[in-house]
Amino acid sequence: MSTIRFDGRDTVAVITGAGSGLGREYALLFAQRGAKVIVNDLGGNFHGEGRSKQADVVVAEIKALGGQAAPDYNSVTDGEKIVQTAIDTYGRIDILVNNAGILRDKSFANMSDDEWNSIYDVHLKGAYKTTRAAWPYFRKQKYGRIIMTSSNSGVYGNFGQANYSAAKLGLVGFANTLAIEGAKYNIHCNVIVPTAASRMTEGILPEVFFKELKPKLITPVVVYLCSEECETNQAIIESAAGWATKLHIVRGKGAFLRASIDSDVSPEYVRDVWSKVIDMSEAERFDSNAEATGHLSNVLEQLQQQKTESKSLSVKKYCDSFTFNYKDLILYALGVGASVRVNGDLKYLYENYQGFSPLPTFFIQPGLMITLTSDIVGSALKKEVDLSQVFHGEQYLEVLHTLPTEGTLKTEAYIADILDKRSGAVVIVNAETFDSSGNLIVRTQSSVFIVGAGGFGGKKDSEKLISTVMPPNRAPDSSFEVKTSVNSAALFRLSGDLNPMHIDPGFSIIAGHKIPIMHGLCTMGISVKAIIEKYAGNQAESLRAVKARFSKPVIPGQTLNIQTWHIGNRIHFKTTVVETGQDVLVGGYVDLKDVSLNRTAGKKLQSDLVFQTIQQKIDENPKKAKAVNGVFLYKILDNGTVAKSWTLDLKNGKIYEGHVERIKIDTTLSIEDSVLMEIVQGKLNPQAAFMKGKLKITGNIMLTQKLIPLLKEEGVKANKTSAGKLQSDAIFNGIQDKIDANPDKAKSVNGVFLYKILKDGKIVKEWTLDLKNGKVFTKKPESIKIDTTLTVEDQDLVDIATNKLNPQSAFMKGKLKITGNIMLTQKLVPLLKNEAKL
């Protein structure tokens, strides 16, 4: 293997900010590899203040090692002087590493013009001045290597660094253009995004982490980029701790904001397709402005083509009205498995329930009814269609507005495309459904397969078909089984699809099935409901879109196994019949507005109590929590697999179970459940856990320094509770679980209670039960007004909860003291007794 050297060309490298940190390491390695080095440094601190002879020290080091170097003390804003030092000393310049930098961190609201300008002067203007001075020499000799130094703050942003972030990302754009203009002169310009210990990061990064971010581990990346044998140009390279990668700016597939080239764009249309605008699942990289512009040209061509196709096909719209009320919604919910025995399903089954709501998949029905009751499919094929030969191939639903619980809907449907599959034809029907106020509430697409209608010489594929998406090639994150009823098809057909194939044995035989089969949409509705229950806390309004292909039929009474893969807000799924092993829904996905794993459906973890206790502390002292000023995503692992996620929004004092996608995450922490417990109990140092790989952190690592004390403090309390310092702790923990499982029952008490727990006559703990808002606290929050105060010995409370002591008897004997609204306690006692698990 050949050695990378710089003495063959008599190479001269100019390194700005080379008095310490990364710059010093660059200078030492370039000199070691034969380059002559100009060591530029003002000698100030990371604020740019003060002066020292750091450049002389580095030059002396290089010379002591047998290298050649000269110092320079000019500011980078006088870049021409720095380059002139190289010309005067060595007669040329070949490499320029723009490394000099300072910090002026301040929140944007408090930032002064001087703090903004000083950062720009050093980072962006300084790089411009030095590069501008070197450029003529590079062009004349047809060789030059330039490094711009950006930052993760520039790429991702960082609180308190608006000036620094803007300058650092500005360097990326600067470098991209220089790479383009310099390419024909053999001038390469690349960007390094380093994370290294330096004067600028000292005192900011954790000490253990700081020690591992050795600048010398990044230096070889920059030295290679500046070598003659490296052909890379216009790249952004991130490097830290002996690791490096290339960063890309990518662009999503996007969405049309108008129907054709002649149409206008409206804010409402933008709103309705916004989920596609921000979808990055099919993102791609463009290497030049020309490529990006070329893609836009293709977009315009497609819009023009849509106009042409619209005229040539003479698209006919089929319109229909669809009237429904609560009975229809309840009937549909029962058809897809809703049950009064399932927690949270009552809102789908009882019209007077507060929060009564529809299951979104019900709204596939209006578009489907047009397909079934009109000649839309037959007219597309120009032939009569036999219902026994019609099969539902694929279905898509996108929810665009709040779904009503009754009313008359208007639906417009049209043929989007016709495909020739030889053995049959596929007719793609698009539909849009509007509520009584004219709001577009859902958009659907149905693919209908007609057996024997193919062979007409048509196309096989269509860009207008919304594609299914196969799940990741790995084991599913979760799976759950749902037993269907033998009456599932008989019940579901009453929601609109009266095709006799699903009820009439004779007709189903004609269609090729020994017995009537379930509707594909019934299987889809059952699967989607189960996914909403699992990943959205059974909140149907969280659904944004769903797509699936119907691959095999289901016999009523069979058991469905639904496998899921969770990636961001998208839940990929596949549904299989347990009895046969056949896949019946494939390529499916559910897009959710927010993912919030259902606590009652997931596995109980030791760390659950830690996060519940943190929420209590936040409620008790919100100012302390908000002082952290960060949002953290905890991924809790169980044997290496993510078993649960928690979002700690300490900017707003909220904790959510699950990953709340609408909230921007500052820091993500991945950790085993047992390891987190060791940290919060003080058995494991968090920095040691990080260095050993037991705690993985991405994002703003510095923020974790503010979080850990809060976490450790709460962890110790959680541990004491779980260890049973007081017997009655279990009662209050159980009450919180019951509140979470059935908040409406708890809120019906409509009171706030303060429990003072005694041990030998002394108050040792207090609990506040805020049953107006469904919260339990270990102390009395100052902001909450207490209705009733109860003072009781720990053992006596346990005896009451376990029916060993009558509460009225305890009160009469003075064992239970009550002040305030005594009548409220009559509502409380049943809840208290039911929750005791001792």
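Reply: Helices here are DSSP runs of H or I with at least four residues, numbered from the N terminus. Note also that this is a predicted model.

Me: Is threonine 371 buried or exposed?
Reply: Buried means under 20% relative accessible area. Threonine 371 has 11% relative accessibility, so it counts as buried.

Me: Leaving aside neighbours within four places in sequence, which residues is threonine 371 in contact with?
Reply: Contact means heavy atoms within 4.5 Å. With the sequence neighbours within four places set aside, the partners of threonine 371 are Ile376, Val377, Val429 and Val448.

Me: How many salt bridges does the count come to?
Reply: A pair needs a side-chain nitrogen of Lys or Arg within 4 Å of a carboxyl oxygen of Asp or Glu. By this rule the count is 25.

Me: How far apart are the closest N and O atoms of lysine 129 and glutamate 80?
Reply: The two residues form a salt bridge. The cut-off for that is 4 Å. Their closest N and O atoms are separated by 3.9 Å.

Me: Lysine 129 and glutamate 80 tie together parts how many residues apart in sequence?
Reply: Lysine 129 lies in helix 4 (residues 113-141). Glutamate 80 lies in helix 3 (residues 79-90). So the pair ties together parts whose separation in sequence is 49 residues.

Me: Which strands do glutamate 394 and lysine 547 lie in?
Reply: Their side chains meet in a salt bridge, 2.8 Å from N to O. The pair ties together parts that are 153 residues apart in sequence, because the two residues lie in strand 12 and strand 17.

Me: Which helix holds both glutamate 533 and lysine 529?
Reply: These side chains meet in a salt bridge at 3.6 Å, N to O. The residues are four apart, about one turn of the helix. Both lie within residues 520-535, which is helix 18.

Me: What kind of pair do the rings of tyrosine 332 and phenylalanine 362 make?
Reply: Ring centres must lie within 6.5 Å, and planes over 60 degrees apart count as edge-to-face. These centres are 5.7 Å apart and the planes are at 75°, so the pair is edge-to-face.

Me: Which residues do ring pairs link into a cluster with Phe322?
Reply: The whole structure holds 13 aromatic pairs. Phenylalanine 322 and phenylalanine 324 are both buried. Ring pairs link Phe322 into a cluster with Phe324, Tyr332, Phe362, Phe363 and Phe492.

Me: How far is arginine 9 from the ring centre of tyrosine 143?
Reply: A charge sits over a ring if it is within 6 Å of the ring centre and within 35 degrees of the ring normal. Arginine 9 lies over the face of tyrosine 143, and its distance from the ring centre is 3.9 Å.

Me: How much accessible area does the nonpolar patch of Val340, Leu346 and Tyr350 have together?
Reply: Patch residues need over 30% relative accessible area. Leucine 346 is at 35%, so it counts as partly exposed. Together, the three residues on the surface have about 280 Å².

Note on methods: Residues numbered from 1 in each chain as written. Predicted model: local features only at pLDDT ≥ 70, side-chain atom pairs only at ≥ 80, totals over all residues. Heavy atoms only, no water. Patch = residues over 30% accessible without salt bridge, like charges linked within 9 Å, V, L, I, M, F, W, Y side chains within 5 Å. Areas by Shrake-Rupley, 256 points an atom, 1.4 Å probe, with all protein chains shown as cover. Buried < 20%, exposed > 50% of the residue type's maximum accessible area, 1.4 Å probe, protein only. Phe/Tyr/Trp six-rings, centres within 6.5 Å; stacked < 30°, edge-to-face > 60°.
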